[in-house]
Amino acid sequence: MWEQIQSNRTRSIMLVIGMGLILVALGYALGMAFTDNGLAGLVIALVLWGIMNLIALTQGDSILLGMANAKEIKPSDHPRLYNVVEEMKIASGMDTMPKVYIIDDPALNAFATGRDKNHISVAITSGLLQKLNRDELQGVIGHEMAHIKNRDVSLMVWCSILLGTIVILAQYGSRMFIFGGGSRRSSSNEGGGGGAQAILMVAALLLIVLAPLFAQLIYFAISRKREYLADASSVQYTRYPEGLASALEKLGASTEQLRSANQATAPMYIINPFRAKGKAAANLTSTHPPISERVRILRSMNGASYHNYDEAFKQLKGGHVIPPTAIKLDHDETIREASDEGPLATEIGRARETSNALWNMNKYQTVDCDCGVRLRVPPGLKGQEIQCPHCGEIHQT
């Protein structure tokens, strides 16, 4: 398994270098276009990247969680979710318990992030918590835990920062062109020098337009093969491939758009968060392998080991996704029975559970009236009198 992780990491480093070269070229082109000094533009680009890398090193995960509008919960806020994360942490052999976050959004999605092994987090949307039973939730959390253990999440933080730097420089350059700075420089030149400057301006403009696109294509390519490895690891942790397969089907069938996602954070999520409004996401492939393909692999497994996943992958796609050494060290795992959740087996029970977690997360106060009505009081009304809408009794908050 370490061979596959190292192979993925090597390919990812090459892709990051490719993004770095785009950044260098963009900075140089901007410098030549606006100051006749490519070196100055290059230095500015590298300084900006350095500042953003420093931010990534110290606060990168917090920034991404903030961008996702994720809020941390305590074990008492959502016991089922916290317990599942704890189970998958033990099953994966990780030393650190991740912080657990909920994103108040009806869309179905989840992601993990962390700048190092001691600063790791798992975030899941409220919509997904309502839709998934325990086995499905285990599959999703196991998938995200695999990304943490395989150190994918720290790489994605760095890539997000690099992509953000490229986009910032490209936007700056495009605004300069719009306001006419580049055209004034071009018109001030005469003869052959002016023609050369015009050619340079066109080249710079093309680079400004294409650089973010190229960077995103490279960034998206980083995540694709990692998804197969994370799926295989999730099955090994849960010993129940149907849990993840069923969860992926629900994720793919969802038509809700994730409001807080953006181009820089998209590859972090378990499925691509972008889709046309009102459309399912079953086979969106820009950042992830097709969901239908992942589900077929999982449902073709005859057991719950890496070997079983590799055999199912080979039957569907040909080739191998798990290294031979990992398969040799692997041992067969039988698929366990489905869990019995009792009241939480229904979507109504899970919706009530999730609503309570959101109330607690947003610090709402609970007031139980003698008539049996439970009132939820926003924090802004603390210390005031409220009236029960059912019996009219007055309560002091």
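Which residues of helix α11 are buried? In this predicted model, the buried residues of α11 are Tyr306, Asn308, Tyr309, Asp310, Ala312 and Phe313, where buried means under 20% relative accessible area, exposed means over 50%, and partly exposed lies in between (1.4 Å probe, protein chains only). Residues are numbered from 1 along each chain as its sequence is written, and side-chain values use heavy atoms, with hydrogens and water left out. Because the model is predicted, local features need pLDDT of at least 70 and side-chain atom pairs count only at pLDDT 80 or more, while totals for chains, interfaces and linings use all residues.

- Helices (H or I, at least four residues) and strands (E, at least two) are DSSP runs, numbered from the N terminus.
- Helix α11 covers residues 306-317, and its twelve residues should span 16 Å at 1.5 Å a residue, which agrees with end C-alpha atoms that are 16 Å apart; the expected span is 1.5 Å times one less than the number of residues.
- Just after α11 comes Gly318, which takes a positive phi of about 80 degrees.
- Helix α9 (residues 241-253) has 13 residues and should span 18 Å, and the 19 Å between its end C-alpha atoms agrees with this.
- The buried residues of α9 include Pro241, Gly243, Leu244, Ala245 and Ser246, and also among them are Ala247, Leu248, Leu251 and Gly252.

**The sheet**

- Four strands form an open sheet in the order β1-β2-β4-β3, with mixed pairing, where two strands pair if DSSP finds at least two bridges between them.
- Strands β1 and β3 (110-116) stand at the edges with a single partner strand each, so one side of each is left without a neighbour in the sheet.
- On average, neighbouring strands of this sheet are turned by 30 degrees against each other, direction ignored; the axes are lines fitted to C-alpha atoms, for helices over the stretch in contact, and angles run from 0 to 180 degrees between N-to-C directions.
- Strand β1 (residues 70-72) runs antiparallel to β2 and is joined to it by three bridges, and Glu72 has Tyr101 in β2 as its bridge partner.
- Strand β2 (residues 99-103) is mostly covered, since four of its five residues are buried.
- The pairing of β2 with strand β4 (residues 119-125) is parallel and extends over five bridges, with Lys99 opposite Ser121 in β4.
- Between β3 and β4 the pairing is antiparallel over six bridges, and here Ala110 stands opposite Ile124 in β4.

**The annotated residue Glu144**

- An unreviewed UniProt entry carries the annotation "active site" for Glu144; UniProt positions are given in the numbering used here, feature names are shortened, and annotations may be inferred rather than shown by experiment.
- Glu144 is placed in helix α5 (residues 134-149) and is buried, with a relative accessible area of 1%.
- Leaving aside residues up to four places away in sequence, Glu144 touches Ala110, Phe111, Ala112, Met268 and Ile270, a contact being heavy atoms within 4.5 Å.
- The Glu144 side chain reaches the backbone nitrogen of Ala112 at 3.1 Å.

**Loop residues with positive phi**

- Most residues other than glycine have a negative phi, and most peptide bonds are trans.
- Asn69, in the loop between α2 (38-67) and β1, has a positive phi near 60 degrees and is exposed, with a relative accessible area of 54%.
- Arg239, in the loop between α8 (191-238) and α9, has a positive phi of about 60 degrees although it is not a glycine, and it counts as partly exposed at 31% relative accessibility.

Technical notes. Polar contact = N/O pair within 3.5 Å; in protein donor to acceptor, adjacent residues only side chain to side chain.
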